[in-house]
Amino acid sequence: MTYLEVEDKIKNAKPIDFGNLINDVFELYKKIWLKGFITILLIMAVALGIIFVFTMIGLAPENVTAQQMLNFEVFYQSYVTSVIYGIPQTILLSTCVLAFLGAFYRICRQDIEGENKEADYFYFFKKAYFSKVLMLGIIYTAIAVLAQLMFIVPYIYVYIPLSFFSVVLASHPEMGELDIVKLSFKLGNKKWFIAFITMFVAGIIGMLGIIACGIGVLFTMSIVYLPAFLIYKEVVGFQNGKNMVTIENQTKTNF
């Protein structure tokens, strides 16, 4: 499926029923909860590793204290400094999260289409894809940091389009980085409200895992990432895998 075809589907997308979408989220979660749990574990392990390394070399952003929060001017200055100081760490973390989520969405797609393939959680860490994922991580960080510097509301708005980066990447790994970004924002803007509400509800459900001594959240948190995947599926579709063209397959064909 080409960029123009996906763009056309987004432009002509029909309204999505919230009840049906939430039901689909639950049904898919019941099928892939274990794979989601493994994905969350990998993300947590990498995130903790990155934070530890940056802390050890003295490049971790400073935490805003409760006392600083009482003075808005001091709080904002500390907040801005922390956001800017944390850019290198955020780029690495964003890149890894995008790669793992892209692989997770690819696994979800294979499960829906009944493909009997082994789950590859490191699929987008391969040489053919990693440079693209890294660039997406840099773009993701640039947009997120700019929105954060404009304070809370802009970041809440851009969070929805940013959430579709991994979905579009997983479905169209052959596309360029800018095309992935543009399609993510087109889809995010088109379905912003339904995406926000569904992600918010899924987030509350995902946090219920805290009840199980806190560790349960590792089992439930993957549900937060399913609305974006299912919205993409509803709007664009998969065409039974016919539109998935990998960079690796293109390379083999060229030779």
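Q: Is Ser166 buried or exposed?

A: Let's begin with the general idea: a residue is called buried when its relative accessible area is under 20%. In this predicted model, Ser166 has a relative accessibility of 2%, so Ser166 counts as buried.

Q: Where is Ser166 placed, and which residues is Ser166 in contact with, leaving aside its neighbours within four places in sequence?

A: Ser166 belongs to helix α8, which covers residues 165-171. With those neighbours left aside, its contacts are Val97, Leu98, Leu101, Gly102 and Tyr105.

Q: Thanks! Now for the whole protein: how many helices and strands does the protein have?

A: You will find 13 helices and 0 strands. Following the sequence, the pattern reads α-α-α-α-α-α-α-α-α-α-α-α-α. Of the 255 residues, 45% are buried. Contacts give another view: among those between residues at least 6 apart in sequence, 79% join residues at least 24 apart.

Q: What describes two packed helices?

A: The general idea is to give the angle between their axes and the distance between the axes. For a case here, take helix α7 (residues 152-163) and helix α10 (residues 192-207): their axes come within 10 Å and cross at roughly 90 degrees. Angles of 65 to 115 degrees count as roughly perpendicular, and that is why α7 is described as roughly perpendicular to α10.

Q: Which residues of α7 and α10 meet?

A: From α7 come Ile156, Tyr157, Tyr159, Ile160, Pro161 and Ser163, and they meet Trp192, Ala195, Phe196 and Met199 of α10. Sorted by class, this contact has 9 nonpolar residues, 1 polar residue and no charged residues.

Q: How many aromatic pairs are found in the whole structure?

A: The search finds 18 aromatic pairs. One case to look at is Phe124 with Tyr129, whose ring centres are 5.2 Å apart and whose planes are at 70 degrees. Planes over 60 degrees apart count as edge-to-face, so this pair is edge-to-face.

Q: Which residues do ring pairs link into a cluster?

A: Look for Phe104, Tyr105, Phe229, Tyr232 and Phe238, which ring pairs link into a cluster.

Methods. Residues are numbered from 1 along each chain as its sequence is written. This is a predicted model: local features need pLDDT of at least 70, side-chain atom pairs count only at pLDDT 80 or more; totals for chains, interfaces and linings use all residues. Side-chain values use heavy atoms; hydrogens and water are left out. Rings of Phe, Tyr and Trp (its six-membered ring) pair if their centres lie within 6.5 Å; planes under 30 degrees apart count as stacked, over 60 as edge-to-face and the rest as tilted. Axes are lines fitted to C-alpha atoms, for helices over the stretch in contact, and angles run from 0 to 180 degrees between N-to-C directions. Helices (H or I, at least four residues) and strands (E, at least two) are DSSP runs, numbered from the N terminus. Angles under 35 degrees count as roughly parallel, over 145 as roughly antiparallel, 65 to 115 as roughly perpendicular and the rest as oblique. Contact means heavy atoms within 4.5 Å. Ala, Val, Leu, Ile, Met, Phe, Trp, Tyr, Cys and Pro count as nonpolar, Asp, Glu, Lys and Arg as charged, and the others, Gly among them, as polar. Buried means under 20% relative accessible area, exposed over 50%, partly exposed in between (1.4 Å probe, protein chains only).
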